Every structure is written in structure tokens, then in C-alpha cells.
Amino acid sequence: MSKIISFMHISLDGFVAGPNGEMNWIKVDEEIFDHVGKRISETDTALYGRVTYQMMESYWPTAADSPTASKHDIEHSAWYKQAHKIVLSKTIKDTPANTTIISDNIAERINEIKQQGDKEILLFGSPSATHALIQMNLVDGYWLFVNPIILGQGIPLFTNIKGKIKLRLLTTRQFTSGVTELNYTTES
């Protein structure tokens, strides 16, 4: 059975974006890109909220075509184009190739998809979708990149949590940029 893993950059004080959605505080470099690329290549499904999906769709399909495309742009663009995309949205009507739009019965539909596979489904960014899936107890793990910054305010990763969510730490890794990866699985 597939597991949904929330992939998120986070500030030390638990925010995934600034108050207006700012993400200019996130540290990424070739070391992080290479590490993330290896894990992403082990799966073939991405899960997004509408806003993040539209942001991704506006960049990744053609990112490799730029004459100044980085190694990361070329590799991730190729992965993105072949990956199956699941999008939580009540407003997107046209279903692009290799994309599933879920607009209702979210828990039921996600559980059906989880039953059909055996690879991770990576939930990229998408704070609102992540909040909804956490509340429905559908997130099976957290792949967090803790950035060495305190924002003081913004969009929290964890909000309106019903009860405790017990986690087990699987791995950690510190990058030269000061970012620390924390990889957790949920415990039943």
C-alpha cells in the first residue's frame, strides 16, 4: 500500500511560508537538490493542492527547455512530466494528461489510490491540502527540511490538529547550508 509523505521546507518555529506566502527564506542548493532528487526518483506520484499544482504546472513541464536550465531543472522536469499528479481542487475542470483531480470524497478517493500502489506518494508543499489531509488522518509521514530561521509568523505546518499524532524519527541529515532534514513516519 502506498503512503503519503508530506515534503515540506519549514522554519525552525514551524512555518512553511511567511504571512503572505513568502518562501524566499528557504535555502536550497545543489547538495539538497541532489539528495532530494534521489528520493523523488524512487516514486512516480505527486500530490498537490490547486495553488501549488498551478505553480508547478507553469514551470516544470518546460523548465528543461531553457538554455540556462540547471542540472536540477533538467532532472526534475523529466520526472515531473512522467509522474502521475493528483490534485485536490474544487475549481480545476480540465484534467491534463497523467493527472487526477479530486474535488470531493477526498478521504475515500485518496484511500483508494493508496490501496492501488506500493510506492510513496509525495505531497509537495501545498499547506492547505496538507492541513486537510492531516485532519483526515491521511498523511503517513513527514519529510521536513528545517531551515535555520525563525519567521515569527506565517503559515504553520501544523494547525487545527485533532488529538496527538505520534511520530517515529527514521533519519536525519544536516546539510552544509545549515538545513536539517528530518524524516518521520506516523505511528498507529
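Residues are numbered from 1 along each chain as its sequence is written, and side-chain values use heavy atoms, with hydrogens and water left out. Because the model is predicted, local features need pLDDT of at least 70 and side-chain atom pairs count only at pLDDT 80 or more, whereas totals for chains, interfaces and linings use all residues.

**Salt bridges**

Side chains of opposite charge can pair when their charged atoms come close. The structure holds six salt bridges, a salt bridge being a side-chain nitrogen of Lys or Arg within 4 Å of a carboxyl oxygen of Asp or Glu.

| Pair | N to O distance |
|---|---|
| Lys71 and Asp34 | 2.7 Å |
| Lys71 and Glu75 | 4.0 Å |
| Lys114 and Asp140 | 2.8 Å |

Lysine 71 forms a salt bridge with aspartate 34. Lysine 71 lies in helix H3 (residues 71-82) and aspartate 34 in helix H1 (residues 30-40), so this pair ties together parts that are 37 residues apart in sequence. Helices here are DSSP runs of H or I with at least four residues, and strands are runs of E with at least two, numbered from the N terminus. Lysine 71 also forms a salt bridge with glutamate 75; these two residues are four apart in helix H3, and are therefore separated by about one helical turn. Shared partners join Asp34, Lys71 and Glu75 into one network.

Relative accessible area defines three classes: buried is under 20%, exposed is over 50% and partly exposed is in between (1.4 Å probe, protein chains only). Lysine 71 is partly exposed at 43%, as are aspartate 34 at 29% and glutamate 75 at 44%. In the salt bridge between lysine 114 and aspartate 140, both residues are buried.

The buried residues of H1 are Ile32, His35, Val36, Arg39 and Ile40. They cover an arc of only 135° around the axis, which puts them on the same side of H1; the arc is that of the directions from the helix axis to the C-beta atoms. The elements they pack against include strand S1 (4-11), H3 and strand S6 (121-124).

In H4, the buried residues are Ile110, Ile113 and Lys114. These fall within an arc of 100° seen down the axis, so they line one face of the helix. The face turned away from this buried side carries the exposed residues Gln115 and Gln116. Among the elements packed against the buried residues of H4 are S1, strand S3 (45-49) and H5.

**Nonpolar cores**

A nonpolar core is a set of buried Ala, Val, Leu, Ile, Met, Phe, Trp, Tyr and Cys residues joined through side-chain atoms within 4.5 Å. The largest has 23 residues, of which Phe124, Trp143 and Phe145 touch the most other members. Elements giving two or more residues to this core include S1, H3 and S7, while H1 gives the most, with three residues. Phenylalanine 124 is in contact (heavy atoms within 4.5 Å) with Phe7, Ile40, Ala46, Leu47, Tyr48, Thr52 and Trp79, not counting residues up to four places away in sequence. A second, separate core of 22 residues includes Met8, Ile86, Leu88 and Leu138.
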